[in-house]
Amino acid sequence: MALTTQSSERAPYRGRRSRLRRINAGNTALYTVAGLAALLWLVPLAWAVNTSLKPEGETTIVPATWFISEPTLDAYESVLGRGDILRWTLNSLVSTGIVTVITLVLTALAAYGFSRCLFPGRGWLFAFIIGGILIPPQTLIVPQFILMTQLGLVDTYWGIALPQVVAPVFIFILKRFFDGIPRDYVEAARMDGAGHLRILWNVMLPMSRPIMAAIGIFVFIGAWNNFLWPFIVTTDPEMMTLPVGLGTVLGQYGIQYAQVMASAVLGALPLLIVFLLFQRHIVTGVAGAGIKG
Amino acid sequence: MTRTRPPMPASRTGITDVRNRPKTSWAGLWFIAPFLGFYLLFVVWPSVVGLGYSFTDRSLAGGPVSFVGLDNWVESLSDPYMWSALWNTLLFTLLSVPTMVILALALALLTDHARRLGWFLRFSFFAPFVLSVAVMTLIWAWMYNPTLGLFNSVLESLGLSGIEWLHNESTAMISVVIATAWWQVGFNYLLYLAAMQSIPDDVYEAASLDGASAWQKIRRITLPLLSRTTGLITILQLIGSLRVFEQIYLMTEGGPNFATRTIIQYIYDSGFVGLRIGTASAMAYVFMALIIVASIAQFRFFSRKEQ
């Protein structure tokens, strides 16, 4: 075997030459199993797409079949024609956008404060905030809902978004990352007369782009897919987010399976696109979370 | 907090510290204040108020509120429905945690060895994770449909009889676990994959030179080196599984015959359907205590194991 001079860390996701040369029966079996498993994993998605392309009459044929006599987009037309799914998507975009922006700002500021400023009681305050990770948000739904009623924020974007911006876990992650940034950079900036805000904006954040992107994506996915809180705080179908609308109102359209699956496919599209665009960030983000653990 | 100067940290007075430590600066509080404001308003305040509600007979419908002492707590703790909801939550956790740890490990091992399919495998196994719970449950409820669904069609074409899946007390929970595993395993899978790919190549090459088989390499090298990751994934999955509610609510609404009603759904039902805020709050605290105990126990267990 030729000794490679590559670094000992494996380059992620790149095939290793020494291994690939030894393709044999075992490898064929391995690739077959892996490929079949991956195809099997896609069956639910494929089945949803398949159903959504059927004329409504063919969805109720027993036994179910993948064959479609005349693939049609009728179901999509009906769903989009009703318009509520577009409205829910807009609601999700606005509320998720608010959550993501505010969370990132709050998290970056707080992580900087904990990482770079020394003040009495810092340790206690940090513990007090990080302890919040232990509190399951679901247990707070009742008092939070009453609070929102008192604030008059039921059925508003702020009402959906605000309780979701408190995510202590990201402060923990980002502070650890900030801690790792060499002090020389900060000192150099301070010599030039930069204040804290400038240091955060011009030194720390540019060096933290990948982790900020990862946090941003996770906050976005989490808020986009959040069900319980938006479900509780919206009663008006016009204000529902996509998951809430799909999960509750859709049931009322009954058993038009092609339309239900078309709605599911349309509901899945935005995040599948985000995933395809940011796959690298998401994968490294999860990997980073694992390495810290 | 007092205004007096804190004692200087030892590292600041010693010359051993080559780095410049930041000076005491109250500016830090200004950076933390915005988050702290939201935290106090939306987490700390509701926690305190919720505890207060649990000692009253407050109703979501309004009306006069009076102090009822421990009545809600006594009622909740002696309520068989609360215990059965707690048991369902625990059952889901017991079934889903091993499934989602072992499955993630198996899928990651496959991906780590079948390198040339890398992109395709990562996409397939992780993509379901980004689906919203409503999309996932719509698709799976359709596949589980007893007469028209894909699963029973396949079973019947194999000459087997169909299964009631979500509509039968004995299969509903398992059906939910299967759907959840498909949906959420991708996160654990990526954690495992990242850990596997940080194992240096030379370790495997040395083992190959010693004539180790692929299986021996997995058992003697990969798995032991992954024990930390396994601990982390198990903790995260355990806490995640105990919090289950949404997918079950959307697929079965807690049925049939409450066989899948989780504790969070019972809190929701009591508070928002039954309008009984006091009992809902008391149960929320029982559940919160459970989560905190589980988190701490897990953490201690794994931190001891590592030493």
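Domain bounds come from an automatic or database domain assignment.

**View 1. The two domains of chain B in the predicted model.** Domain 1 of chain B is made of two segments, 41–78 and 276–307, and domain 2 covers 95–261. Their C-alpha centres are 32 Å apart. Nine residues of domain 1 of chain B and six residues of domain 2 of chain B form the contact. On the domain 1 side, five of the contacting residues are nonpolar, two are polar and two are charged.

**View 2. The contact between chain A and chain B.** Chain A contributes 84 residues and chain B contributes 90 residues. Within chain A, helix α2 (residues 25–52) gives the most to this side, with 14 residues. The side of chain A that touches chain B comprises 59 nonpolar, 18 polar and seven charged residues.

**View 3. Helix α14 of chain A, residues 257–277.** The 21 residues of helix α14 of chain A reach 30 Å from the first C-alpha to the last, close to the 30 Å expected at 1.5 Å a residue. A kink of about 35° is found at Leu269(A), shortly before the proline Pro270(A).

**View 4. Confidence along chain A.** The average pLDDT of chain A is 83, and 87% of the residues score at least 70. Among the elements of chain A, helix α7 (residues 157–161) has the highest mean pLDDT, 95, and helix α1 (residues 17–20) has the lowest, 50. Over residues 1–16 of chain A, pLDDT stays under 50; for this stretch the model has 17 contacts beyond four places in sequence.

Notes:
Residues numbered from 1 in each chain as written. Chains lettered and ligands numbered in written order. Predicted model: local features only at pLDDT ≥ 70, side-chain atom pairs only at ≥ 80, totals over all residues. Helix = DSSP H or I, 4+ residues; strand = E, 2+ residues; numbered from the N terminus. Expected span 1.5 Å × (residues − 1). Bend = angle between axes of the 7 residues up to and from the residue. Contact = placed C-beta atoms within 7 Å. Nonpolar A, V, L, I, M, F, W, Y, C, P; charged D, E, K, R; others polar. pLDDT = per-residue confidence, 0-100.
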